[in-house]
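Subject: Structure for you to look through

Dear colleague,

I am passing on a structure that you have not worked with before, and the notes after it go through a few residues in turn. Please keep it open beside you as you read.

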Amino acid sequence: NWGRTGDLCLVAEYEGKKIGAVWCRLFDEKNKGYGSVAEDIPEMGIAVDKPYRNQGIGSKLLDDFYDYLKQIGFNAVSLSVDKRNPAVNLYLRTGFNIFKSNENDHVMIKELKN
């Protein structure tokens with residue numbers, strides 16, 4: 001169901017090839033994502049193709065996406081991540097905090113301050 005009203009995405013390209021993306025969506029109580037924390041806080045995801053990881057591309061995508069979300073009026077963003085995923089460190093480094101955890105996953109939230 002990607003592309004519904006309110007969905008947002010930022011894509012990284014290199015030499016005409018899409019190499020990464022960050023995206024978000026708002027959820028309501030009836031249709032919650034794993035990382036949903038509130039109806040007015042979008043839940044995001046990010047992916048960077050394996051050959052392009054650990055080169056700062058994910059950090060740049062996130063920084064640009066956070067700026068965009070602030071510009072259009074969002075105060076926070078959330079996500080869900082497996083505790084074993086190395087991206088947990090990226091999220092912590094870019095300002096996410098653990099909102100709640102279970103045995104396998106963290107739900108994290110980042111306040112978007114001006």
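**What was found**

D67 is partly exposed, with a relative accessible area of 37%, where buried means under 20% relative accessible area, exposed over 50% and partly exposed in between (1.4 Å probe, protein chains only).

Before going on, please note that this is a predicted model, in which local features need pLDDT of at least 70 and side-chain atom pairs count only at pLDDT 80 or more, while totals for chains, interfaces and linings use all residues. Residues are numbered from 1 along each chain as its sequence is written, and side-chain values use heavy atoms, with hydrogens and water left out.

D67 also has a C-alpha atom 18 Å from that of A47, a residue 20 places away along the chain.

A polar atom of the S78 side chain lies 2.6 Å from the backbone oxygen of G35. Leaving aside residues up to four places away in sequence, S78 touches several others (heavy atoms within 4.5 Å), among them G35, I41, F96 and M108.

As for disulfides (pairs of cysteine sulfur atoms within 2.5 Å), the count is zero. The sulfur of C9 has its closest cysteine sulfur in C24, at 9.0 Å, which is too far for a bond. C9 is partly exposed, with a relative accessible area of 42%, whereas C24 is buried, at 1% relative accessibility.

Note on methods. Polar contact = N/O pair within 3.5 Å; in protein donor to acceptor, adjacent residues only side chain to side chain.
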